[in-house]
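Hi,

Here is the model I promised to pass on. Have a look at it first, and my notes come after.

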Amino acid sequence: MEKKTEFVEAIVDKSKDFSRWYTDVVVKAQLADYSPIKGCMVIRPYGYALWEKIQSLLNARIKATGHQNAYFPLFVPEGLLAREAEHIEGFSPEVAWVTEAGSEKLEERLAIRPTSEAIICSMYAKWIDSWRDLPILINQWANIVRWERVTRLFLRTTEFLWQEGHTAHCTEKEAEEEALKMLGVYKDFIENDLAIPVLTGEKTEREKFAGALRTYSLEALMADGKALQTGTSHNLGQHFAKVFNITFQDMDEKRKYVWQTSWGVSTRLIGAIIMTHGDDSGLVLPPKIAPVQVIIIPIWGREEEKEIVASRVEEVERLLKAAYEVEVDWRSEYTPGWKFNEWELKGVPLRLEIGPKDVAKKQVVLVRRDTREKEFVSEEKVARRVGVLLDEIQADLFKRAKKFRNDNTRPASRIDEMEAILSEHRGFILASWCGSPDCEEKVKEKTMATIRCIPLGKRQAGKCVVCGKRGWAVYFSRAY
RNA sequence: CGGGGUGUGGCGCAGUUUGGUUUAGCGCGCUUGCUUUGGGAGCAAGAGGUCGGAGGUUCAAAUCCUCUCACCCCGACCA
């Protein structure tokens, strides 16, 4: 233990300095690095591989629910962005503008999209004319720029990658169903594939998306007890339809405005994975999104041993490659111990060791990343055992995260009780709120906690933690 | 944008208080060679910095002064 800190590659303890730990993991596991541009990061191959996993798994779900991918421009003319008053007001502090091209000043400056509602709505107005044109169900994978004052790797960067769905429907009911459907798709994806438990619910007026009628969100609890919004789904109502004049003629021959939704998740999810599952040794990746699921470490001493080991390693590799993401670490300049540490830092779910002793016994050594449990498995059973273990790790990570979330969700009936809980534990607090922005603000002032979401479904009655009037249960937390 | 902190080879740091024997030093990493390889290997020989940037004070600046940039932490704002 003492020795551990002497190594440059060592990362700071999670419990000692969570922020520092987080940055250490991101940089040292080579997920991302700081770039010469303020607030912008470079996503390195290992981090980008994670994003590609997220993309492919989520993309499949987005398509399975009937959406198509498209691509809209990076630029939004000021006139378009400014049409929806609440929208521009909400985003203007963080919009980057292009004002010149070459040596010429532009007549109308162009916003670099902070989100694409405006540019997409301008096209929908063109494409929609009849009820037969609806619904429009389009998604795009894109980059976004928001000039944030304070940035953190993956959690908040000036430029980030995301997916944004934009749909238009005939009726309010359809739009509402769509917004909730996508919230469900996200929940399914984040819980099943990323193994991160999330609370879902509606945002308050103060927290909702600029220009939306209603915003739904997914809220996860990070290991330091702060909440992280992992995705949003908005029912835009007819706000944008009215200012962009997106109308259609309905079956009843009347001209009507469409009802819209938009929804998105971003590279921030990678931050959520790190802060939910990681430990003092670094990343811990859920098998379903691990770019490398099994790392094989060959161990040898003398040259003859290397040959014997190599042939076994190649056999096992071939066997496992059929079903899993497998890599072999053949580097001879590092000792096995060094490799163990490095791959643990990178969060690979399973390590498979093959050395001379194993060859002699016709076995391999399997070690789980999450629990570090070691087991010896005979060669003929390796493939099946790897599958079982990966499934177990996936399930256990979710279980553990959920237990943590539940253990750190506490009820409170008065604001001083909230303060006490937050000063000691942080986490979610389930408490009642009367619905007034003043009471919401007062909680924030006194506890730094905000309403993360109002649970969906039947509202649970109670007395407001601030004013004592009739209200209903909502989740509070300090948040990223 | 407010409060605090940090910038010295690739990384982590010492040196800055009290300018000058420091040719700017140490650990890790890197290169080459040999020996190693079951929890961060050993020896040997090498390469690499002008001290975030600009200006100033001085015979002399990593060290003092001014400005500036970047990053980190804590707030206010946001995915």
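Residues are numbered from 1 along each chain as its sequence is written, and chains are lettered from A and ligands numbered from 1 in the order in which they are written. This is a predicted model, so to speak of a local feature I need pLDDT of at least 70, side-chain atom pairs count only at pLDDT 80 or more, totals for chains, interfaces and linings use all residues, and side-chain values use heavy atoms, with hydrogens and water left out.

**The RNA**

RNA strand B is surrounded by 43 residues, and the closest are R156, T335, R351, D358 and K444. Here "near" means that a heavy atom of the residue lies within 4 Å of the strand. By type, these residues divide into 16 nonpolar, 11 polar and 16 charged. The nonpolar class is Ala, Val, Leu, Ile, Met, Phe, Trp, Tyr, Cys and Pro, the charged one is Asp, Glu, Lys and Arg, and the others, Gly among them, are polar.

Seen from the RNA, 44% of its atoms within 4 Å of the protein belong to sugar or phosphate, and the rest to bases. An N or O atom in the side chain of R156 is 2.2 Å from a base nitrogen, and a polar side-chain atom of R351 is 2.5 Å from a base oxygen. W338 uses a polar backbone atom instead, 3.2 Å from a base nitrogen.

Which elements each supply at least two residues of this surface? They are α10 (336–345), β17 (350–354) and α11 (356–361), and α10 has the largest share, with seven residues. Helices (H or I, at least four residues) and strands (E, at least two) are DSSP runs, numbered from the N terminus.

**The core**

The largest nonpolar core has 57 residues, of which L31, F154, I190, L194 and I274 touch the most other members. Such a core is a set of buried Ala, Val, Leu, Ile, Met, Phe, Trp, Tyr and Cys residues joined through side-chain atoms within 4.5 Å; buried means under 20% relative accessible area, exposed over 50%, and partly exposed in between (1.4 Å probe, protein chains only). Elements giving two or more residues to this core include α1 (18–28), α6 (172–192), α8 (268–277) and α10. Of the contributors, α6 gives the most, with seven residues. Why does the core lie between domain 1 (29–277) and domain 2 (287–392)? Because both give residues to it; the domain bounds come from an automatic or database assignment.

**The loop between α8 and β15**

V284 is in this loop and, at 2% relative accessibility, counts as buried. Beyond four places in sequence, V284 touches I273, H277, G278, D279, G347, R369, D370 and L397, where contact means heavy atoms within 4.5 Å.

A290, also in the loop between α8 and β15, is buried at 0%. Its contacts, again leaving out neighbours within four places, are K53, L285, E325 and P349.

Q293 sits in the loop between α8 and β15 as well and is buried at 12%. The side chain of Q293 reaches the backbone oxygen of P287 at 3.0 Å.

Cheers

How values were computed: Polar contact = N/O pair within 3.5 Å; in protein donor to acceptor, adjacent residues only side chain to side chain.
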